Amino acid sequence: PTDDPVSSAFAAPCIDAPYDYEYLADDKQIVIRRFDDAGVQYLVADVQLTDVHQLQTALSSGKAFGALEPASAMAERAGAVLAINADDYALHKYGTIIRNGELLRAHDTTRNMLIVDENGDFSVRTDRANEDPAALGASLTAANTWQTFEFGPELIRNGQIVDFNPAFDVISTNPQRRDPRTAIGQIGKLHYVIVVADGRSESSHGMTLPEMQRLMQDLGAQTAMNLDGGGSSE
């Protein structure tokens with residue numbers, strides 16, 4: 001932990017000092033703070049990069065559809081500075097999956113898609129009703145899309161909290177349901193915020209989706225989406 005100011009080469013982090021962890025380099029800045037708020041323990045990571053290719057994804061067992069592996073083991077193998085879980089694409093057959101610029105699968109789905117484009121900008125695709133997965137995969141690949149994540153729901157669009165689509169059935173959107181959560185958002189150019197909330201324990205009873213929405217908005221996210229939670233949050 002440190003009270004030292006972060007680099008002036010980057011924007012001010014979305015969380016106030018002091019930080020519990022920080023990583024400062026010429027080409028990236030990451031600060032993390034732990035919170036314990038009304039029985040919910042969570043971490044907020046402010047991540048600022050200089051190149052979209054620093055935002056890497058790792059594959060379980062190093063293979064597109066390899067055996068399950070803890071995120072910590074994947075992070076160690078990759079030499080990650082910071083690592084979180086993402087979606088659960090390897091456990092199902094759905095969605096259009098791009099990892100580090102490579103199209104791994106194109107299949108129909110009802111999930112929301114977080115798109116990270118070649119500039120590192122986020123957008124969320126929610127209307128999947130008449131989607132042509134093959135055409136979508138080809139279009140995203142032609143546009144040099146860097147990553148896609150299939151989960152949801154979308155939390156923030158243009159800085160505003162969104163209403164959940166009642167047809168979204170990937171996870172419960174019950175506003176009272178508390179679970180461990182992982183969410184990611186974009187604040188600005190190559191500037192991201194990640195929240196991981198603990199839950200299902202005496203020390204932390206988890207976060208509702210509306211609570212995650214309000215937190216992401218308070219942290220300055222312009223676009224944000226919920227990733228896989230529950231026992232996957234790490």
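1. Contact here means heavy atoms within 4.5 Å. Leaving aside neighbours within four places in sequence, Glu-154 is in contact with Asn-112, Val-124, Thr-126, Val-162, Phe-164, Gln-213, Ala-224 and Met-225. The model is a predicted one, where local features need pLDDT of at least 70, side-chain atom pairs count only at pLDDT 80 or more, and totals for chains, interfaces and linings use all residues. Residues are numbered from 1 along each chain as its sequence is written, and side-chain values use heavy atoms, with hydrogens and water left out.

2. Where does Glu-154 sit? Its place is in strand S9, residues 154-157. Helices (H or I, at least four residues) and strands (E, at least two) are DSSP runs, numbered from the N terminus. Is Glu-154 buried or exposed? Glu-154 counts as buried, at 8% relative accessibility. Buried means under 20% relative accessible area, exposed means over 50%, and partly exposed lies in between (1.4 Å probe, protein chains only). The side chains of Glu-154 and Arg-157 are joined by a polar contact of 2.7 Å. A polar contact is a pair of N or O atoms within 3.5 Å; within protein, one must be able to donate a hydrogen and the other to accept it, and residues adjacent in sequence count only if both atoms are side-chain atoms.

3. Leu-155 is also found in strand S9. Leu-155 counts as buried, at 0% relative accessibility. Not counting residues up to four places away in sequence, Leu-155 touches Gln-160, Ile-161, Val-162, Phe-164, Ala-183, Leu-209, Met-212, Gln-213, Ala-224, Met-225 and Asn-226. Gly-101 is 54 residues from Leu-155 in sequence and 24 Å from it in space, C-alpha to C-alpha.

4. Pro-153 lies in the loop between S8 and S9. Most peptide bonds are trans, and most residues other than glycine have a negative phi.

5. Two asparagines deserve a look on phi. Asn-100 is not a glycine, yet it has a positive phi of about 50°. Asn-100 lies in the loop between S4 and S5 and is partly exposed, with a relative accessible area of 25%. Asn-144 is not a glycine either, and has a positive phi of about 60°. Asn-144 counts as partly exposed, at 47% relative accessibility.

6. Which residues of helix H2 (residues 133-142) are buried? They are Pro-133, Leu-136, Gly-137 and Leu-140. These residues lie on the same side of H2 because they cover an arc of only 100° around the axis. The arc is that of the directions from the helix axis to the C-beta atoms. Ala-134 and Ala-142 are exposed, on the face of H2 turned away from its buried side. What covers the buried residues of H2 includes strands S4 (96-99), S5 (102-106), S6 (112-116), S7 (122-125) and S8 (147-151). At the start of H2, a side-chain oxygen of Asp-132 reaches to within 3.2 Å of the backbone nitrogen of Ala-134.

7. Next, the pockets. On a 1 Å grid over the protein atoms alone, a pocket is an open set of points where a 1.4 Å probe fits, with protein on both sides within 12 Å along at least five of seven lines; lining residues have an atom within 4 Å of a point. Grid points are joined across faces, edges and corners, and a volume is the space filled by probe spheres set on the points. About 1,200 Å³ of space lies in the largest pocket. It is lined by 43 residues, and the closest to its centre are Ala-58, Met-74, Ile-84, Asn-85 and Ala-86. The elements that give two or more residues to this lining are S2 (28-37), S3 (40-49), H1 (71-78) and S12 (191-197). H1 gives the largest share, four residues.

8. By class, the lining of the largest pocket has 27 nonpolar, eight polar and eight charged residues. Ala, Val, Leu, Ile, Met, Phe, Trp, Tyr, Cys and Pro count as nonpolar, Asp, Glu, Lys and Arg as charged, and the others, Gly among them, as polar.

9. The second largest pocket holds about 310 Å³ of space. Of its 15 lining residues, Thr-110, Asn-112, Thr-126, Asn-165 and Phe-168 are the closest to its centre. Its lining has six nonpolar, five polar and four charged residues.
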